[in-house]
Amino acid sequence: DVYKRQDGSFRFALSNKVSMSTKITLEIRTDLDLDFLEEDILFHSIRFMSFVQLRTSEGWTTPYKAIIDIGTPISVIPRFIWKNAQVKWLSRRKVSLTGIGSGKVQGRLGEVTLVFSDEQATSPPIQVKTHLLDDNSVPLLIGCEDILTQVDLFISYRNKIAYFELP
């Protein structure tokens, strides 16, 4: 805050409000699609990655590398990752998901608590609704639901910068 004194000088005071946030740097991975390269077509496969851990009854799982997929409405977690996590089941019904991997996968809707991490920091815990798969046929995908509604995502691919910022 800036205050003007009677003598015309200014006094600067810091606000009592302190805003702390956590920044998690995302890995940017760029690969060439070899199938297209055989046809002399330069096509980049760009992925944004982060380490994720799920809450268990004893603490946290080991870190797993996740693909941040803003085209996926909800996160998808393979069985080998969530099997030891604390899960709150939201639906009894199994759901078939298509358009992921090489075909159709099945799972149930549940809620887990997770954290993101990089070499410098670990995020505060976030509760997320997710599809918990019956098998391990697809990678760990972090979708929009309960993630982009709670964190800010910044991407500048041209400058090779990508990160989450969490309050």
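1. A charge counts as sitting over a ring if NZ of Lys or CZ of Arg is within 6 Å of the ring centre and within 35 degrees of the ring normal. With that in mind, have a look at K160: its charged end sits over the ring of Y157, 3.6 Å from the centre. Please remember throughout that this is a predicted model.

2. On the strand side, K23 stands opposite E165 in β13.

3. K23 belongs to strand β3 (residues 22-25), where K23 and T25 make up the uncovered face, while T22 and I24 make up the covered one. The partner here is strand β13 (residues 161-166), and the two pair in the antiparallel sense over 4 bridges.

4. How many aromatic pairs does a search of the whole structure find? There are 5. One of them joins Y64 and F80 edge-to-face, at 5.7 Å centre to centre and with 85° between the planes. Because Y64 lies in strand β6 (residues 64-68) and F80 in helix α2 (residues 79-82), this pair ties together parts that are 16 residues apart in sequence. F80 is partly exposed, at 39% relative accessibility.

5. On the surface you will also find a nonpolar patch formed by L32, L34, L37 and L42, together giving about 380 Å² of accessible area. Of these, L34 has its place in helix α1 (residues 34-37). L34 has a relative accessible area of 59%, so it counts as exposed, the cut-off being over 50%.

Terms used: Residues are numbered from 1 along each chain as its sequence is written. This is a predicted model: local features need pLDDT of at least 70, side-chain atom pairs count only at pLDDT 80 or more; totals for chains, interfaces and linings use all residues. Side-chain values use heavy atoms; hydrogens and water are left out. Patches are made of residues with over 30% relative accessible area and no salt bridge: like charges are joined within 9 Å, nonpolar side chains (Val, Leu, Ile, Met, Phe, Trp, Tyr) within 5 Å. Accessible areas come from the Shrake-Rupley method with a 1.4 Å probe; for residues, only the protein chains shown count as cover. A salt bridge is a side-chain nitrogen of Lys or Arg within 4 Å of a carboxyl oxygen of Asp or Glu. Buried means under 20% relative accessible area, exposed over 50%, partly exposed in between (1.4 Å probe, protein chains only). Two strands pair if DSSP finds at least two bridges between them. Rings of Phe, Tyr and Trp (its six-membered ring) pair if their centres lie within 6.5 Å; planes under 30 degrees apart count as stacked, over 60 as edge-to-face and the rest as tilted.
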